[in-house]
Amino acid sequence: MTSNSSLAEALATGTVVLDGGMSNQLESAGHDLSDELWSARLLAERPEAITEAHLAYFEAGADVAITSSYQATFEGFAKRGISHARATELLTTSVALAREAASQAKAKGVTRPLWVAASVGPYGAMLADGSEYRGRYGLSVDELERFHRPRLEVLAAAGPDVLALETVPDADEAEALVRAVRGLHTPAWLSYSIDGRHTRAGQPLEEAFALAADADEVIAVGVNCCAPEDVDTAVEIAARVTGKPVVVYPNSGEAWDAEARAWNGRSSFAPGQVRAWRQSGARLIGGCCRVGPQAITSIAGTLAEA
């Protein structure tokens with residue numbers, strides 16, 4: 001397995017392929033994710049299913065597995081009667097399952113470096129009401145930092161290669177997360193969910209990305225869980241404002257209906273778009289919701305072309 005510094009070096013010299021959506025891969029295998037804990041419920045009930053999902057993406061060409069801890073929080077688990085100690089075990093397990101998938105991929109003949117990114121979803125993901133696509137929770141930066149820090153400490157201690165601070169809708173929450181990763185000795189990427197040239201909460205991307213420009217812990221910035229058509233401009237802004245490698249993993253282009261807990265519309269994701277993203281500065285490229293292994297294979301193939 002590779003080291004944290006090796007991942008940073010890989011971003012400095014080339015392009016790294018991320019995986020696709022965890023939830024759609026689990027659903028395609030027949031698992032019900034209608035619960036408020038979403039895929040995090042399977043950490044306790046069907047951990048082998050999560051390993052299988054990670055393995056499918058590694059075999060499809062992904063270099064990085066993003067763990068199933070996006071919606072795993074102490075507060076969310078407590079609502080289900082899960083103790084703090086057990087929640088700590090489950091968060092740690094999320095990293096171990098991705099490591100196990102990497103080991104299985106190696107045993108099956110995958111020879112390229114493989115990394116594990118520990119997913120840290122926004123505060124709104126714990127609420128399970130779609131507010132991670134709005135932000136503006138009514139909490140201060142200090143309050144958000146206090147919410148995120150305990151989970152970050154557990155995930156960092158589990159030994160991932162990087163912390164994925166992802167689907168962040170609000171620059172205030174990004175500021176809290178950048179503060180919260182200080183002193184954890186684990187690099188992180190910061191990825192916003194956006195609407196055009198703004199965060200979901202309405203802040204200009206120039207201001208939002210600037211929050212991470214001088215943070216040594218943050219090795220990449222970018223966007224995820226957004227429409228593919230919003231990526232091009234965001235990549236250019238992120239690269240220009242921060243000078244860091246850019247991370248990009250949009251949705252399929254369909255829209256999430258939080259009330260119905262369903263996706264609507266048609267896919268607008270085309271793997272060939274990644275050429276332009278890389279040219280603009282993207283170095284971590286994959287897919288988010290509704291982007292599966294077949295699309296990741298296409299992305300990896302496109303990026304491998306001369």
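Tutor: Start with Ala238, which is found in helix H11 (residues 231-242); a helix is a DSSP run of H or I with at least four residues, a strand is a run of E with at least two, and both are numbered from the N terminus. The model is predicted, so local features need pLDDT of at least 70 and side-chain atom pairs need pLDDT 80 or more, while totals for chains, interfaces and linings use all residues. Residues are numbered from 1 along each chain as its sequence is written, and side-chain values use heavy atoms, leaving out hydrogens and water.

Student: What makes Ala238 count as buried?

Tutor: Its relative accessible area is 0%. Buried means under 20%, exposed means over 50%, and partly exposed lies in between, with a 1.4 Å probe and protein chains only. Ala238 is therefore buried.

Student: Which residues does Ala238 contact, leaving aside its neighbours within four places in sequence?

Tutor: They are Phe209, Val221, Gly243 and Val246, where contact means heavy atoms within 4.5 Å. The C-alpha atoms of Ala238 and Ser280 are separated by 9.5 Å, and these two residues are 42 apart along the chain.

Student: Is Asp216 buried or exposed?

Tutor: Asp216 has a relative accessible area of 72%, so it is exposed. Asp216 sits in the loop between helix H10 (205-210) and strand E8 (218-224). Its C-alpha atom is 9.0 Å from that of Arg182, 34 residues apart along the chain.

Student: How do you know that Ser193 is buried?

Tutor: Ser193 has 0% relative accessibility, so it counts as buried. Ser193 lies in a loop, between strand E5 (188-192) and strand E6 (194-195). Among the residues it touches, not counting those up to four places away in sequence, are Tyr133, Thr167, Asn224 and Cys225. The side chain of Ser193 also reaches the backbone oxygen of Cys225 at 3.3 Å.

Student: What makes the pair Asp63 and Arg112 a polar contact?

Tutor: The two side chains come to 2.8 Å. A polar contact is a pair of N or O atoms within 3.5 Å; within protein, one must be able to donate a hydrogen and the other to accept it, and residues adjacent in sequence count only if both atoms are side-chain atoms. Asp63 is in the loop between H4 and strand E2 (64-66). With a relative accessible area of 10%, Asp63 is buried. Besides Arg112, the residues that Asp63 touches include Val16, Phe58 and Trp115.

Student: Why is helix H9 (residues 171-180) called largely enclosed?

Tutor: Because 7 of its 10 residues are buried, H9 is largely enclosed by the rest of the structure. Those residues are Ala171, Glu173, Ala174, Ala176, Leu177, Val178 and Ala180. At the start of H9, a side-chain oxygen of Asp170 comes within 2.9 Å of the backbone nitrogen of Asp172.

Student: Why are H4 and H13 called roughly parallel?

Tutor: Helix H4 (residues 47-60) and helix H13 (residues 293-304) pack at about 30°, with their axes 8 Å apart. Angles run from 0 to 180 degrees between N-to-C directions, and axes are lines fitted to C-alpha atoms, for helices over the stretch in contact. Angles under 35 degrees count as roughly parallel, over 145 as roughly antiparallel, 65 to 115 as roughly perpendicular and the rest as oblique. H4 and H13 are therefore roughly parallel to each other. Ala56, Tyr57 and Ala60 of H4 make the contact with Pro293, Ile296 and Thr297 of H13.

Student: What makes H4 oblique to H6?

Tutor: H4 and H6 pack at an angle of about 50°, and their axes are 8 Å apart. That angle makes H4 oblique to H6. Pro47, Ile50, Thr51, His54, Leu55 and Phe58 are the H4 residues in this contact, and they meet H6 residues including Leu97, Glu100 and Ala105.

Student: At what angle do H6 and H8 pack?

Tutor: Helix H6 (residues 84-107) and helix H8 (residues 141-157) pack at about 45°, with axes 8 Å apart. H6 is therefore oblique to H8. In H6, Thr88, Leu91, Thr92, Ser94 and Val95 meet Arg151, Val154 and Leu155 of H8.

Student: How many helices and strands does the chain have?

Tutor: The chain has 13 helices and 12 strands. Of its 306 residues, 57% are buried.
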